[in-house]
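Biologist: I am new to this structure and would like to learn how to read its features one at a time. Could you take me through them slowly?

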Amino acid sequence: PIWKLSDIPSGFDFDLGNRLHLRVDRRWRRGVLGLAGSGAAPKSLCAFRHPLLELLFLHLLPSRGGLLLHASGVEHEGRALLFVGRSGAGKTTLARLWKQAFPATQSLSDDRCILRRGKGGWQAYGTPWGGRGQVAEPVSLPLGGVFVLKQSRTLSLRTLTPREAIEALQPCHLMPYWLRDLAGRGAENLGRLLSAVPIKEFGFPKEARSARWLAQALEPVSNT
């Protein structure tokens, strides 16, 4: 395994491999990062390449009103559109088609995006963890819409029922299912998102026209 989590009396211990350990308290407020043994630090210690940073976000977001989604993110009229799907769903492809159709717009990520609810509504954030296209930008925008991707020969857009939305988003919601308390908070955050933002299914062929078709089909989406 890349890493291992152990429950210890003072909190939790992450064995991150390469002699690297992280210990955090049970409130996820304080932590100590240590290198066991002697010798130089491993080359993979770079925070953006090592799983440490993503692991921290994965465990911190549930108790801070956030979600980490397997999604690509692009800008549309000053707001973020998130394209959600498992590997192979077309997240990277659609993000690339969007950038080709609208070169002046910003991109957030082509694989993982963060959502957090603030005073003005839901906010989307890019992350350092890009996908095949290696798109990973420090961009933050108000959320404009969440779209579950479906590859299709024809273009289509429909609003999912609450049950369909949960079934579609749960597999793409990255959270620590192995810790009951944090998993419960993560589920609550997902519920808040579903109650505030209509989740839509976008059926599309992997063609240049798909991005422009979606942009024309969009209607203002409330994110509060």
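Predicted model: local features only at pLDDT ≥ 70, side-chain atom pairs only at ≥ 80, totals over all residues.

Biologist: How should I read a helix, and what span should helix α4 have?

Modeller: Helices (H or I, at least four residues) and strands (E, at least two) are DSSP runs, numbered from the N terminus. The expected span of a helix is 1.5 Å times one less than its number of residues. Helix α4 covers residues 180-196, and its 17 residues should therefore span 24 Å, which agrees with the 25 Å between its end C-alpha atoms.

Biologist: Which residues of α4 are buried, and which are exposed?

Modeller: Buried means under 20% relative accessible area, exposed over 50%, and partly exposed in between, with a 1.4 Å probe and protein chains only. The buried residues of α4 are Leu182, Ala183, Gly186, Asn189, Leu190, Leu193 and Ala196. Seen down the helix axis, these buried residues fall within an arc of 150°, so they line one face of α4; the arc is that of the directions from the helix axis to the C-beta atoms. On the other side of α4, Arg180, Asp181 and Ser195 are exposed, and Arg180 has a relative accessible area of 78%. The C-alpha atom of Arg180 is separated by 28 Å from that of Ser72, which is 108 residues away along the chain.

Biologist: Why do residues a few places apart in a helix point the same way?

Modeller: An α-helix has 3.6 residues a turn, so residues three or four places apart point the same way. In helix α4, Arg192 and Glu188 are four residues apart, and are therefore separated by about one helical turn. Their side chains meet in a salt bridge at 4.0 Å, N to O, a salt bridge being a side-chain nitrogen of Lys or Arg within 4 Å of a carboxyl oxygen of Asp or Glu. Both partners are partly exposed, Arg192 at 38% relative accessibility and Glu188 at 46%.

Biologist: How many salt bridges does the structure hold, and which parts of the chain does the pair of Glu201 and Arg158 link?

Modeller: The structure holds 10 salt bridges. In one of them, Glu201 pairs with Arg158, with the closest N and O atoms 3.2 Å apart. This pair links distant parts of the chain, as Glu201 is in strand β13 (residues 199-204) and Arg158 is in strand β11 (residues 156-159), 43 residues apart. Glu201 is buried, with a relative accessible area of 16%, whereas Arg158 is partly exposed at 38%.

Biologist: What should I look for around a charged residue such as Lys91, and is it buried or exposed?

Modeller: Lys and Arg count as positive and Asp and Glu as negative, while His and the chain ends are not counted. Lys91 is found in helix α2 (residues 91-101); it is buried yet has no salt bridge, and the nearest side chain of opposite charge, that of Asp111, is 4.4 Å away. Asp111 is itself buried, with a relative accessible area of 12%, and its side chain meets that of Arg112 in a salt bridge of 2.3 Å, N to O. The side chain of Lys91, for its part, reaches the backbone oxygen of Arg86 at 3.0 Å.

Biologist: How covered is α2 as a whole, and what covers its buried residues?

Modeller: Helix α2 is mostly covered, with eight of its 11 residues buried; Leu94, Leu97 and Trp98 are among them. What covers these buried residues includes β5 (66-76), β6 (79-84), β10 (140-151), β13 and α5 (209-217), where contact means heavy atoms within 4.5 Å.

Biologist: Where does Leu160 lie, and which residues does it touch?

Modeller: Leu160 lies in the loop between β11 and α3 (162-169) and is buried, with a relative accessible area of 11%. Not counting residues up to four places away in sequence, Leu160 touches Val148, Ala165, Ala168, Ile199, Lys200 and Glu201.

Technical notes
Residues numbered from 1 in each chain as written. Heavy atoms only, no water. Polar contact = N/O pair within 3.5 Å; in protein donor to acceptor, adjacent residues only side chain to side chain.
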